[in-house]
Amino acid sequence: MLTKELKEHNGIKNLDPVTFEVLKNGFVNLVDQMAEQMLRTCYSFVIYNRDFSCALCDAQGNTVMQGTQDISVHVGTLHLTAKAVLEDFAGDIHPGDVFLINDPYRGGTHFSDVRVVLPVFHNDKLIALMQTNGHWADVGGSNPGSFDITAKEHYGEGLRIPPVRIYSKGQYLTDVVKIITMNMRIPEERIGDLRSQVEAAKVGEKQLREMIEKYGVDTVLLAFAEVQDYVERLTRAEIAKLPNGEWETVDYIDMDPLLGDGLIPIRVKMTISDDEILYDLSGSHPYISCFLNAGFGSALSGTYAGTKTFFPDIPLNSGFYRVVKTYLPENSVVNAPSPVAVSGYCSGSFEKIMNACFELWSNIMPERAIACSFNLEYLLIGGYDKRQDSNEYFMWYDWMAGGHGGRVDRDGANTTSPVFGVGLSVQPCEGQERLSPVITTKHEIITDSAGPGKYRGGCGVEKGGILTDINNTVMSYCCDRSRSITWGIMGGLPSIAQGAILNPEQEDAEFLGTIFSNVEVKKGDSFTRPSAGGGGLGDPLERDVNAVLEDVIDEYVSIERAKIDYGVVICEIDRDLDVFEIDHEATALERDTIRKNRRLWLEEDPIVVEQMYNKGDINQMDVVRKYGVVMDYKSNKALPISTEQYREAMKKRSLAFWA
């Protein structure tokens, strides 16, 4: 509609190619300039490490352009929150207004992602919306960091902000901002982030006005429409090259805490029909009793991000969304209604949808195939900082890098930001230690964490820390894949289980799992947690023996696991000089033995595997890679229902491709 109206205005038919390219790239630069403003003026260390995104939207709320380092789930939902503001304030939006929203049931993600929406007017007509989205380190609720796994409803997760005006015709509404931020921990930091986001939006407005001054408002608005149309045409042309058909798969959340044993299925069916894509998530599990559910917006964005990964050369805006359609069943784990808890969507449903899409597209475009990547995780510690008797509240809010899945012609990327947002930075330990009474004791690549394959997954990381001068402090964790362990495809094998451990070097060491809240900690307590590697791609027995040797030299793979996972027998001659030798005859025998037995290993009684594990005859990697058994590592008990589900998937992804 907008394109047609603009093209009819003053007889303009379309933009010439040069002007189109200049303005298209100018829009990207505009959004990146907003990002730079946020990066340099934010108060929160979380936002400083790039957990934020910006967007330029047209007057209808459609995304015109994103930046170059934005978080995928943010970008796929920013148009929805822009439209929510337009809907709630229709006929009551004025120059100088600024709005705030974080509502995950109105197209947002979770309460921590707080969006500032600034309308831009030209001659008293609304022409655009600037939007900045930052992950605030705390938005209230029962837990520091606003992640509470015990919350079944959103009332314990933090402050829900529907579209609300915080500037009215240029007047800062102090009372409104105070009632929001005073319900959050460290309110002065929240206000600082808010003002940073507002100023970043104003930078976007200034850039847009400069474009209008140079090219004219009609030309710029026409470019808004043509950029979206261009992306739609480009996407449809690429999809039209592919065969029509249907493809299905399933990924899992570890569990519903109320149900116990049993993985939570997220079923994804993709249909290509000529030049359009339809995702149907019917059959996904009903919403569960913890915060790993997704609201409509974040689940929708999972299909956008999973698709976009396979079309890296296409820009992302609302033109792309016209081509990718998604059906999300109501009252499900991928479309949970208010007031069901959804704050952990990022570690729960969202990345499962993305990885399921990766698998589907790997079948359609095998030249770009990629196995499952590690699961995003957040570890949060909040309390009072007693260093130098300051007694100020602190928030230690950390996420880790990990391994991406093996690819069709190369190994997965080691220690990379999660697919949730590859623009995320790994937080520098020095900055964390300056801001919080937590010292990092370990941050290193985990040997053997990569899922074995002809092309192995990338390696994960282990990060540990110790608490120093603290008072009244608790720890919480948002993660997954201690049971639905990062999987391989086309014959590849899984990675390792994720999960946090309290006081790992002590006799009372406790495996806390992947989701917990309000665990009390004291001075001197320590912790560690691994991030998984990526799943392997292709049969590990087809991996070049010299590639396995190089992995052993680089300490990505141990000599022991080289034999168990790859059937490659390596003798150490001199570790200090990196001198090793492959026993080719023993390797041939070992690989033959594995080929003859590995199908039988996947039929072993889970209780027998549990007994072998508890006796120390096998380790966690053997449990999942060799036997396909899912265990509860708090009780060290096998989980028969989860094992049956995981083995079924493993047989399709791995066993079906073995010679």
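Guide: Helices (H or I, at least four residues) and strands (E, at least two) are DSSP runs numbered from the N terminus. The model is predicted, so local features need pLDDT of at least 70 and side-chain atom pairs pLDDT 80 or more, while totals for linings use all residues. Residues count from 1 along each chain, and side-chain values use heavy atoms, without hydrogens or water.

Helix H8 (296–308) gives the most to the lining of the largest pocket, namely four residues. At least two residues each come from H8, helix H2 (17–41), strand E2 (63–66), helix H4 (72–88) and helix H10 (346–364). A pocket here is an open set of points on a 1 Å grid where a 1.4 Å probe fits, with protein on both sides within 12 Å along at least five of seven lines; lining residues have an atom within 4 Å of a point. The lining numbers 37 residues, and nearest the pocket centre lie Ala-305, Lys-308, Thr-309, Pro-312 and Val-422. By class, 19 lining residues are nonpolar (Ala, Val, Leu, Ile, Met, Phe, Trp, Tyr, Cys, Pro), seven are charged (Asp, Glu, Lys, Arg) and eleven are polar (the others).

Glu-359 pairs with Arg-653 at 3.0 Å, N to O.

How values were computed
Salt bridge = Lys/Arg side-chain N within 4 Å of Asp/Glu carboxyl O.
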